[in-house]
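Hi everyone, thanks for coming.

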2 protein chains.
Amino acid sequence: VVVAPGGENVVICSGFAHGVEVLSRALRAAGASTVAVEEYGHPGHRDIITRQGLGAPLLPLDGRGACVGAAGEADAVVLTPAHQFPLGMTLAPDRRRSFAEWDGIVIEDDYDGEFRYDRQPVGAMQALAPDRVIYAGTASKTLAPGLRLAWLVVPPSLLDGVTACLSGGPSALDQLTLAEFVTSGAYDRQIRRARLAYRHRRDRLISALDPIGLRVGGIAAGLHVVVDLPAVADEHRAVARAEQRGLALSGLSWYDLARSGARAGLVIGYARPPEHAYTTAIARLCAVLGS
Amino acid sequence: VVVAPGGENVVICSGFAHGVEVLSRALRAAGASTVAVEEYGHPGHRDIITRQGLGAPLLPLDGRGACVGAAGEADAVVLTPAHQFPLGMTLAPDRRRSFAEWDGIVIEDDYDGEFRYDRQPVGAMQALAPDRVIYAGTASKTLAPGLRLAWLVVPPSLLDGVTACLSGGPSALDQLTLAEFVTSGAYDRQIRRARLAYRHRRDRLISALDPIGLRVGGIAAGLHVVVDLPAVADEHRAVARAEQRGLALSGLSWYDLARSGARAGLVIGYARPPEHAYTTAIARLCAVLGS
């Protein structure tokens with residue numbers, strides 16, 4: 001446990017998934033039985049929750065994010081308030097407030113909070129209710145996922161329970177290196193540099209997709225956009241065609257935890273191709289989507 | 001999962017304790033209800049097992065180690081066959097064979113297998129029964145505990161269950177660095193250098209303790225010796241007196257999981273003091289034990 005300059009208790013864990021596991025165990029040990037998740041999200045994160053013996057009901061999403069009314073009797077919720085993953089909307093201010101005033105625990109997954117482009121930064125929900133919101137950040141997007149470095153800001157009342165469930169965790173050398181990187185200011189410089197680079201990539205992607213006439217969403221932040229398609233069959237066809245051309249795309253249906261089929265589309269990450277391959281990747285993507 | 005040159009499946013985890021946790025969960029998910037441990041050992045490791053909802057009955061130890069007869073109905077056992085921790089005996093050959101022929105799972109904790117001094121290396125039990133022995137090794141003693149790098153050789157039948165329970169795990173950079181260190185031969189050179197240095201430290205410690213006339217055991221391997229004392233009260237007194245002189249010693253009773261009080265003594269690690277402080281540390285220890 002590291003105590004931040006503001007007095008917050010920060011628990012370092014081996015990536016966000018490890019954090020979800022530790023929190024799930026801690027909540028279960030504290031008597032929780034359900035942790036609700038947004039209806040679109042990483043299936044792997046929901047699996048981690050259910051593997052700990054917790055129920056994981058789904059929170060419906062509309063253009064303003066999830067709604068606390070749907071959380072019902074859940075003991076906790078996992079939210080991506082700043083940039084819903086994968087759909088990309090921001091949780092509306094009144095809904096943020098409702099969750100902050102709710103009496104359950106909120107796990108705030110700020111997976112890409114460093115990458116905001118066209119709008120004012122969205123403050124962390126954790127600041128609204130520091131006694132009941134657990135903030136989760138990660139170096140997976142700012143540095144590299146392979147580092148397995150993430151952090152949880154944990155309310156004092158949950159701290160002992162969380163640390164009791166913590167095993168594993170990153171190398172002390174990696175933790176000290178990150179601490180030095182942060183305190184020296186180099187981490188902030190890296191984020192600013194990366195933000196510019198990713199914004200440029202995003203702009204190039206959107207410009208290239210524009211003539212095709214598809215709806216592109218979730219573009220104000222993050223490292224991916226969502227392209228809507230008319231039907232799930234179109235989505236499957238596009239994913240298969242992309243694969244033939246060496247592009248790894250995932251369809252929205254992969255993240256559709258309710259298996260509702262309500263939306264069809266592609267989740268297009270633009271962070272991963274190496275710089276020299278980005279032009280080719282965009283050209284191939286347009287060929288897949290324009291044909 | 002890394003496949004070793006011999007075809008073994010190696011799972012990398014964040015230190016041995018993380019490995020015990022992952023294995024406990026995997027065994028529990030596979031229907032196990034008890035994992036027996038040696039009656040002297042790390043209380044923390046046993047806690048990890050019981051926190052997963054498993055029983056952890058104790059295996060009695062005599063001068064030849066643990067006995068399979070005592071494992072009874074346990075689904076698995078954790079053993080330190082090459083150098084019992086902390087008592088220091090080697091599991092007798094006939095007992096090794098009995099455990100290897102047993103129908104439960106053996107978790108072979110080879111925590112200090114690289115540091116053998118006065119006798120032939122003891123082969124891994126895993127080689128005797130690769131389908132039922134899980135071998136656990138660690139870089140905590142050969143490099144540094146803070147690296148959180150350990151490995152499990154997992155029988156094919158258990159592999160899917162173990163990887164399903166694996167979350168967290170070390171940074172890819174750390175894993176690749178260790179792999180390069182191993183394949184380049186530098187890791188072997190480091191072990192040989194460390195073995196010589198630790199053997200020298202052990203010899204100096206034993207020579208210094210000799211005139212005091214205490215029984216010193218478990219010296220053929222590892223990074224610690226056990227000094228027997230007449231009674232638990234002597235042990236507590238010695239630990240307290242050592243602490244006053246800036247020496248961190250642990251008493252055998254800390255590792256006495258049965259709280260039997262059957263033995264009293266000190267577990268004296270000699271790996272930790274920096275080289276320049278070792279002479280002083282030995283002098284202080286002799287002052288504590290000789291007074």
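This is a predicted model: local features need pLDDT of at least 70, side-chain atom pairs count only at pLDDT 80 or more; totals for chains, interfaces and linings use all residues.

What does A:Glu21 form a salt bridge with? The partner is B:Arg25, and the closest N and O atoms are 3.0 Å apart. This pair crosses between chains, going from helix 1 of chain A to helix 1 of chain B, residues 16–29. B:Arg25 has a relative accessible area of 11%, so this arginine is buried too.

Now look at the other crossing. The side chains of A:Arg25 and B:Glu21 also meet in a salt bridge, at 3.0 Å from N to O. Within chain B, the side chains of B:Arg25 and B:Glu21 form a salt bridge of 2.4 Å. Those two sit in helix 1 of chain B, 4 residues apart, which is about one turn of the helix. B:Glu21 is at 2% relative accessibility, so it is buried as well. Put together, A:Glu21, A:Arg25, B:Glu21 and B:Arg25 are linked in a network of salt bridges.

Let's step back to the interface as a whole. Here 18 residues of chain A are in contact with 18 residues of chain B. Between them the two chains bury about 1,300 Å², with 45% of it on carbon and sulfur atoms. How many salt bridges are counted between chain A and chain B? The count is 2. There are also 6 residue pairs in polar contact across the interface, with both residues at pLDDT 80 or more. On the chain A side, the elements that give two or more residues are helix 1 (16–29) and helix 5 (172–183). That side divides into 5 nonpolar, 8 polar and 5 charged residues.

Next, a sheet in chain A. Four strands form an open sheet in the order 11-12-14-13, with antiparallel pairing. Strand 11 and strand 13 (250–251) stand at the edges with a single partner strand each, so one side of each is left without a neighbour in the sheet. Strand 12, residues 224–228, is mostly covered, with 5 of its 5 residues buried. In a regular strand the side chains alternate between the two faces of the sheet. In strand 12 of chain A, A:His224, A:Val226 and A:Asp228 lie on one side, A:Val225 and A:Val227 on the other, and all are buried. Strand 12 of chain A pairs with strand 14 (residues 265–269) over 5 bridges, and A:Val226 has A:Val267 as its bridge partner there. Strand 11 (residues 216–217) joins strand 12 through 2 bridges, one of them between A:Gly217 and A:Val226.

Finally, over in chain B, B:Asp228 is in strand 12 of that chain. Is B:Asp228 buried or exposed? Its relative accessible area is 16%, so B:Asp228 is buried. The side chain of B:Asp228 makes polar contacts with the side chains of B:Arg215, at 2.2 Å, and of B:Arg263, at 3.1 Å.

That's the tour, and I'm happy to go back to any part of it.

Technical notes: Residues are numbered from 1 along each chain as its sequence is written. Chains are lettered from A and ligands numbered from 1 in the order in which they are written. Side-chain values use heavy atoms; hydrogens and water are left out. Contact means heavy atoms within 4.5 Å. Buried area is the accessible area (1.4 Å probe) that two parts lose on being put together, summed over both. A salt bridge is a side-chain nitrogen of Lys or Arg within 4 Å of a carboxyl oxygen of Asp or Glu. A polar contact is a pair of N or O atoms within 3.5 Å; within protein, one must be able to donate a hydrogen and the other to accept it, and residues adjacent in sequence count only if both atoms are side-chain atoms. Ala, Val, Leu, Ile, Met, Phe, Trp, Tyr, Cys and Pro count as nonpolar, Asp, Glu, Lys and Arg as charged, and the others, Gly among them, as polar. Buried means under 20% relative accessible area, exposed over 50%, partly exposed in between (1.4 Å probe, protein chains only). Two strands pair if DSSP finds at least two bridges between them.
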